[in-house]
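Open the model in your viewer and keep the selection panel at hand. Each stop below says what to select and what to look for.

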Amino acid sequence: MKNAFCTFIYGNYYRFIPYYLLGINKNYPQASILILYNNTLPEIYKKLIDTYSNAILFEKVGEDTDWLNNFNHRGAAKQTLRHVLRLDIFNDFDNIYFGDVDIILLKEEYSLFDFHIKQAKKSGLPFSNRVRPLPNNPETLSNRLTGLHFVEVKPYYEKMDSVINEFMNNENYRSDILDKSQRNENVLYYLCMDAFKFNPFQV
């Protein structure tokens, strides 16, 4: 199977790239690393990425996405874009793990990909994530997933592509999703719900 890690970066979060690359390359050397940046990366970081044969950089990702600056979410609002990005290179992989650049992946007893493949199979969905509980009521589920999102590429995008296209091109649909979302993980929840009609208690 061809596996990839993918992270979307904006602002000065690029300073975490060395640690992100190091953790993945040490513990998952067979996996590819897709780094998506919303601007032009400083040259020193480009040179570092070039030293990793399994890492690929994409710059100016989403630079024409005007709506991203027209709403106010708590936390990492710009990370909303990572949930609706659809790069052609995604089709080169069986599985992609979307995560944060400021998280270091350490060695574990089991493969992260094997774990999430089993979780996806258990739920009957082409993705693996968790619905977050409400912060003030941990026994009640929120309308929010986590930002760590594993997908089985082909079956996931077979249903998600139309939802992503609707979000990107239909202002009314996009506004409805954004208006009822406080964080970017809420957006991911609503998009996945529209695509897969999943049971929150089984994810």
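Select I17, P18 and L21 in α1, then Y45, L48 and I49 in α2: these two groups meet, contact meaning heavy atoms within 4.5 Å. The axes of the two helices, α1 and α2, come within 10 Å and cross at roughly 5°. That makes α1 roughly parallel to α2; angles under 35 degrees count as roughly parallel, over 145 as roughly antiparallel, 65 to 115 as roughly perpendicular and the rest as oblique. Axes are lines fitted to C-alpha atoms, for helices over the stretch in contact, and angles run from 0 to 180 degrees between N-to-C directions.

A word on the ground rules. This is a predicted model, in which local features need pLDDT of at least 70 and side-chain atom pairs count only at pLDDT 80 or more, while totals for chains, interfaces and linings use all residues. Residues are numbered from 1 along each chain as its sequence is written, and side-chain values use heavy atoms, with hydrogens and water left out. Helices (H or I, at least four residues) and strands (E, at least two) are DSSP runs, numbered from the N terminus.

Stay on α1, residues 17–27. Which of its residues are buried? Pick I17, Y20, L21, G23 and I24; buried means under 20% relative accessible area, exposed over 50%, partly exposed in between (1.4 Å probe, protein chains only). They sit on the same side of α1, because they cover an arc of only 165° around the axis, taken from the directions from the helix axis to the C-beta atoms. Now turn to the face pointing away from that buried side: the exposed L22 and K26 are there. The buried residues of α1 pack against β1 (3–9), β2 (32–37), α2 (43–50) and β3 (55–58).

Next, select P29, in the loop between α1 and β2. P29 is partly exposed, with a relative accessible area of 45%. Neighbours within four places in sequence aside, P29 touches I24 and N54.

Now show the strands. Six of them form an open sheet with mixed pairing, in the order β3-β2-β1-β4-β8-β5; two strands pair if DSSP finds at least two bridges between them. The edges are β3 and β5 (127–128), each pairing on one side only. Helix α4 (residues 153–169) packs on this sheet, touching β4 (95–98), β5 and β8 (149–152). The direction of α4 makes about 95° with that of β8.

Zoom in on the parallel pairs. β1 and β2 share six bridges, and I9 stands opposite Y37 in β2. β2 and β3 share four bridges, with I35 facing its partner L57 in β3. From β2 the chain goes through α2 to β3, a right-handed β-α-β crossover: with the strands pointing away from the viewer, the path from the first strand over the helix to the second runs clockwise.

Move to β6 (residues 131–134) and β7 (residues 137–145), an antiparallel pair with three bridges. P133 stands opposite L141 in β7. The two strands, β6 and β7, form a hairpin with two residues between them.

Last stop: α4 and α5 (residues 171–179), whose axes come within 5 Å and cross at roughly 95°. That makes α4 roughly perpendicular to α5. Select V163, E166, F167, M168 and N169 in α4; they meet E171, Y173, R174, I177 and L178 in α5.
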